[in-house]
Amino acid sequence: MTSAQKQVRLGARFNESAPGSNIICNASSGDDLDLAWPNNLSGSITANDCFLRVGNDAALGSADGTGATGTILNPGGRLVLVGSRNIANEQLSMNMGGNLVVETGSSIYSGPIVLTGTLGIGAQFGGFASGA
């Protein structure tokens, strides 16, 4: 992260008032999301050239295995799993350069993964398994 970027740390749960609300982080506004707590979000999360750091198994909100509640990684978007995560039933759409990274620990991603174009899946200091 450069000095021009900022990181948004969400230290509390999302209290969404409208079901299906969506969250979008964009590099143009310097957003990175550090999701450390379980969340009640029932919409999607989209990363446009930013980091989504996940430190809790339920940090991505309610999941039903569809794109409506899933996570979308557009070019440059990164989903970073921190610690040993077990992400269940969360659809992950990786579009043209999105990356799924296990930063530490061993993680399992058991939701559907939809791939479009060039992408990357890797582990820096841990292991990764897909149950999809």
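**Notes on the strands of this model**

1. Strand β7 (residues 78-81) runs parallel to β10, and four bridges join the two. To find this pairing on your screen, look for Leu81, which stands opposite Val102 in β10. Keep in mind as you explore that this is a predicted model.

2. Strand β10 also pairs with β8 (residues 86-87), in the parallel sense and over two bridges. Here Asn86 has Ile108 of β10 as its bridge partner.

3. Now have a look at Asn99, which is found in strand β10 (residues 99-109). Asn99 and Asn74 are 25 residues apart in sequence, and their C-alpha atoms are 8.9 Å apart in space.

4. Next comes an open sheet of five strands, with parallel pairing and the order β2-β4-β6-β9-β11. Which strands stand at the edges? They are β2 (23-26) and β11 (113-116). Each has a single partner strand, so one side of each is left without a neighbour in the sheet. From one strand to the next, the twist averages 10°.

5. Finally, zoom in on one pairing within that sheet. Strand β4 (residues 45-48) and strand β6 (residues 71-73) pair in the parallel sense, with three bridges between them.

Conventions
Residues numbered from 1 in each chain as written. Predicted model: local features only at pLDDT ≥ 70, side-chain atom pairs only at ≥ 80, totals over all residues. Heavy atoms only, no water. Pairing = 2+ DSSP bridges. Axes fitted to C-alpha atoms, helices over the stretch in contact; angles between N-to-C directions.
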